[in-house]
Amino acid sequence: MFVSTFEKQLDAKRRIVVPQEFRALASGPFDGIICFPSIEADCIEGGGKALLDRYLGVIDEMDFGDPLRSALETSILGGLAKMSFDTAGRVTLPEGLCDMFGLSDWVVVVGLGDRFQIWEREAFQAHRAAQREIAREGLAQLRGAQRAARAGAGS
């Protein structure tokens, strides 16, 4: 699983050192990672062959010509970049993806289990704060529902 959060600096050639833990998880048919524009947030999403296979499975379940299928194909497959590791464990992020999300200096690499995201540092700080609030509220609602269910079961 891709876990933890790392701050990394892009060099002048848009290269980033991929955390060793992430390099080991991304092993597959080539020595590198895949990346594309995230669908759920303003960042790059990436992973290994398992992530691509997961998205392809979702896409393949939809009928050919389905507007959602087309949108996913355009967003994921049309935006996909395969990036190989160099001898220092770096990949070069595509210029288009860097421009799309304002990645020019410091970035944050965030593990999300079967995938990871690459964020502009300040954008991630705002996103993380919003996500923590959603998590707090959601967990409080879940606990409340669990307490109500237990109280109902005891009557």
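Which strands each supply at least two residues of the lining of the largest cavity? The answer is given below, in a report on a predicted model.

## The cavity

The strands in question are β2 (15-17) and β8 (116-120), each of which supplies at least two residues of the lining of the largest cavity. The count of cavities of 30 Å³ or more comes to 1, and the space in the largest cavity is about 30 Å³.

Ile16, Val17, Val18, Pro19, Ile33, Val109, Phe116 and Ile118 form the lining of this cavity. By class, the lining has 8 nonpolar residues, with no polar and no charged ones.

## The largest pocket

The largest pocket holds about 160 Å³ of space. Its lining consists of Glu40, Ala41, Val110, Leu112, Gln117, Phe124, His127, Arg128, Gln131 and Arg132. These residues divide into 4 nonpolar, 3 polar and 3 charged.

Helix α5 gives the most to the pocket lining, with 5 residues. One of the lining residues is His127, which has its place in helix α5. His127 has a relative accessible area of 21% and is therefore partly exposed, since buried residues are those under 20%.

## Helix α5

Helix α5 covers residues 121-153, 33 residues in total. From its first C-alpha to its last, the helix reaches 47 Å, close to the 48 Å expected at 1.5 Å a residue. Within the chain, His127 and Gln141 are 14 residues apart in sequence, and their C-alpha atoms are 21 Å apart in space.

The N-terminal end of α5 is capped by Glu120. A side-chain oxygen of Glu120 lies 3.2 Å from the backbone nitrogen of Glu122.

## Aromatic pairs

The structure holds 6 aromatic pairs. One of them joins Phe6 and Phe22 in an edge-to-face arrangement, with 5.5 Å centre to centre and 90 degrees between the planes. This pair links distant parts of the chain, as Phe6 is in strand β1 (residues 5-9) and Phe22 is in helix α1 (residues 20-25), 16 residues apart. Phe22 counts as buried because its relative accessibility is 1%.

The rings of Phe36 and Tyr55 have their centres 5.4 Å apart and their planes at 90 degrees, so this pair is also edge-to-face. Here too distant parts of the chain are linked: Phe36 is in strand β3 (residues 32-37) and Tyr55 in helix α2 (residues 49-60), 19 residues apart. Both Phe36 and Tyr55 are buried.

Ring pairs also link Phe2, Phe6, Phe22 and Phe116 into a cluster. Of these residues, Phe116 is among those lining the largest cavity.

Key: Residues numbered from 1 in each chain as written. Predicted model: local features only at pLDDT ≥ 70, side-chain atom pairs only at ≥ 80, totals over all residues. Heavy atoms only, no water. 1 Å grid on protein atoms, 1.4 Å probe; cavity = no way out; pocket = protein on both sides within 12 Å on 5 of 7 lines; lining within 4 Å. Points joined across faces, edges and corners; volume = space filled by probe spheres on them. Helix = DSSP H or I, 4+ residues; strand = E, 2+ residues; numbered from the N terminus. Nonpolar A, V, L, I, M, F, W, Y, C, P; charged D, E, K, R; others polar. Expected span 1.5 Å × (residues − 1). Polar contact = N/O pair within 3.5 Å; in protein donor to acceptor, adjacent residues only side chain to side chain. Buried < 20%, exposed > 50% of the residue type's maximum accessible area, 1.4 Å probe, protein only. Phe/Tyr/Trp six-rings, centres within 6.5 Å; stacked < 30°, edge-to-face > 60°.
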